[in-house]
Amino acid sequence: QVQVVESGGGLVQAGGSLRLSCAASGRIFSINDMGWYHQAPGKQRELLAAVTSGGSTHYADSVKGRFTISRDNAKDTVDLQMNSLKPEDSFVYYCYARGRDTEGRNFQTWGQGTQVTVSS
């Protein structure tokens, strides 16, 4: 079984910064990609940023130029540096990891989520 745990959410004023961190653990053989989604109440999760094991990144248009995703393959961690935050960035942010476990099974796992609130 593979788990991910997020940390780093909180309350910040508009224009400020936050850094979210996520660590994967368990029976990991390899992780293909890790990243972050957010979810507004009553809506589906939306992919914000992702990074592959090779370092390729993807960003949603809404966060390009403001958010930076980084990954440490050796530690199975991924961070999301969020700058120039706006009130509309207020969501629950979920980390995910997708890969293969030590028994050869594919997995995709999600964290519990961390709340980010940006005040105007």
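Begin by selecting Asp33, a residue of strand E4, in this predicted model. With a relative accessibility of 10%, Asp33 falls under the 20% cut-off and therefore counts as buried.

Next, display the side chains of Tyr96 and Arg98 together with that of Asp33. The side chain of Asp33 forms a polar contact of 2.5 Å with the side chain of Tyr96. A second polar contact, of 2.9 Å, links the side chain of Asp33 to that of Arg98.

Now move to the largest nonpolar core, which has 31 residues. Select Trp36, Phe67, Ile69, Val78, Leu80, Met82 and Tyr93, the residues that touch the most other members of this core. Then colour the strands that give two or more residues to the core: E1 (2-7), E3 (18-26), E4 (28-39), E5 (46-52), E7 (67-72), E8 (77-82), E9 (91-101) and E11 (114-119). In soluble globular proteins, nonpolar side chains tend to be buried together.

Beyond residues up to four places away in sequence, Leu80 touches Leu18, Arg19, Leu20, Trp36, Ala49, Phe67, Thr68 and Ile69.

Finally, select Asn73, in the loop between E7 and E8. Is Asn73 buried or partly exposed? Its relative accessibility is 40%, so Asn73 counts as partly exposed. Draw a C-alpha to C-alpha distance from Asn73 to Val63: the two residues lie 10 residues apart in sequence and 23 Å apart in space.

Technical notes:
Residues are numbered from 1 along each chain as its sequence is written. This is a predicted model: local features need pLDDT of at least 70, side-chain atom pairs count only at pLDDT 80 or more; totals for chains, interfaces and linings use all residues. Side-chain values use heavy atoms; hydrogens and water are left out. A nonpolar core is a set of buried Ala, Val, Leu, Ile, Met, Phe, Trp, Tyr and Cys residues joined through side-chain atoms within 4.5 Å. Buried means under 20% relative accessible area, exposed over 50%, partly exposed in between (1.4 Å probe, protein chains only). Helices (H or I, at least four residues) and strands (E, at least two) are DSSP runs, numbered from the N terminus. Contact means heavy atoms within 4.5 Å. A polar contact is a pair of N or O atoms within 3.5 Å; within protein, one must be able to donate a hydrogen and the other to accept it, and residues adjacent in sequence count only if both atoms are side-chain atoms.
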